[in-house]
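Colleague: Before we use this entry for anything, I would like to go through it with you carefully, one point at a time. Could we have the sequence and the structure side by side?

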Amino acid sequence: MNTQRILEDTLRTARQSMTTPRQAVFDALQHHRSLTMRELVMACAHINRATIYRNVELFEQLGIVTRIPNGWKYRLELGEKFLDHHHHATCHNCGASIALPEDPSLELHLNELASRKNFKLESHQVELLGLCYACQT
Ligand SMILES: [Zn+2]
Ligand SMILES: [Zn+2]
């Protein structure tokens with residue numbers, strides 16, 4: 001999967017151009033997998049903060065970036081066009097966010113639960129809260 005190509009196609013379809021800040025935000029998220037807004041601003045230190053915020057907002061609208069709930073805060077991650085669908089376990093002690101392995105039977109089960117209520121499920125986020133291995137001792 002060529003992520004750069006997907007990014008460029010997504011921007012082109014939305015009649016948006018590729019800019020240096022947009023590329024930098026994308027590269028930072030691709031490299032770090034998930035970042036808080038603050039970490040993203042630090043990773044793109046050469047770019048104006050307001051520009052980063054504006055581009056993250058645009059990326060969210062285009063599905064390039066998703067917000068992952070992290071307790072009462074959130075982390076930013078590339079959207080499902082770029083990463084395979086997965087769920088997160090968040091450590092409430094150190095804030096670590098662990099991507100859980102895919103589980104097709106859980107996916108099926110969630111669909112099944114929704115359809116029992118005649119709900120057409122389009123997407124979902126599952127967030128597990130607890131303590132990571134390092135914080136358990
Ligand atoms: Zn932890
Ligand atoms: Zn899922």
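Colleague: Between which two strands is the loop in which Glu80 lies?
Modeller: Helices (H or I, at least four residues) and strands (E, at least two) are taken here as DSSP runs and are numbered from the N terminus. With that numbering, the loop that holds Glu80 in this predicted model lies between β3 (73-78) and β4 (87-91).

Colleague: What pLDDT do local features need in a model of this kind?
Modeller: Residues are numbered from 1 along each chain as its sequence is written, while chains are lettered from A and ligands numbered from 1 in the order in which they are written. Side-chain values use heavy atoms, with hydrogens and water left out, and because this is a predicted model, totals for chains, interfaces and linings use all residues, side-chain atom pairs count only at pLDDT 80 or more, and local features need a pLDDT of at least 70.

Colleague: Is Glu80 buried or exposed?
Modeller: A residue counts as buried under 20% relative accessible area, as exposed over 50% and as partly exposed in between, with a 1.4 Å probe and protein chains only. The relative accessible area of Glu80 is 52%, so Glu80 is exposed.

Colleague: How far apart in space are Glu80 and Gly63, C-alpha to C-alpha?
Modeller: Along the sequence, Glu80 and Gly63 are 17 residues apart. In space, the distance between their C-alpha atoms is 7.8 Å.

Colleague: What pattern of helices and strands does the chain follow?
Modeller: The chain has five helices and six strands. Read along the sequence, these elements follow the pattern α-α-β-α-α-β-β-β-β-α-β.

Colleague: At roughly what angle do the axes of α2 and α4 cross?
Modeller: Two packed helices are described by the angle between their axes and the distance between the axes. The axes here are lines fitted to C-alpha atoms, for helices over the stretch in contact, and angles run from 0 to 180 degrees between N-to-C directions. For helix α2 (residues 20-32) and helix α4 (residues 49-61), the axes come within 10 Å and cross at roughly 70°.

Colleague: Are α2 and α4 roughly parallel or roughly perpendicular, and which residues of α4 make the contact?
Modeller: Angles under 35 degrees count as roughly parallel, over 145 as roughly antiparallel, 65 to 115 as roughly perpendicular and the rest as oblique, and α2 and α4 are therefore roughly perpendicular to each other. Contact means heavy atoms within 4.5 Å; the residues that make it are Pro21, Arg22, Val25 and Phe26 on α2 and, on α4, Thr51, Ile52, Asn55, Val56, Leu58 and Phe59.

Colleague: What is the phi of Arg33, about?
Modeller: Most residues other than glycine have a negative phi. Arg33, whose place is in the loop between α2 and β1 (34-35), is partly exposed, with a relative accessible area of 41%. Although Arg33 is not a glycine, its phi is positive, at about 70°.

Colleague: And what value is the phi of Asn118 near?
Modeller: Asn118 lies in the loop between α5 (104-116) and β6 (127-130), and with a relative accessible area of 75% it is exposed. Asn118 is a residue other than glycine, and its phi is a positive value near 55°.

Colleague: Which residues does Leu78 touch, leaving aside those up to four places away in sequence?
Modeller: Leu78 lies in strand β3 and, at 4% relative accessibility, counts as buried. Beyond four places along the sequence, Leu78 touches Phe26, Leu29, Gln30, Arg33, Ile64, Val65, Thr66 and Leu83.

Colleague: How far apart in space are Leu113 and Leu35, C-alpha to C-alpha?
Modeller: Leu113 has its place in helix α5 and is partly exposed, with a relative accessible area of 38%. Leu113 and Leu35 are 78 residues apart in sequence, and the C-alpha distance between them is 32 Å.

Colleague: What share of the 137 residues in the chain is buried?
Modeller: The C-alpha atoms fill a box of roughly 45 × 40 × 25 Å, taken along the principal axes. Of the 137 residues in the chain, the buried ones make up 35%.
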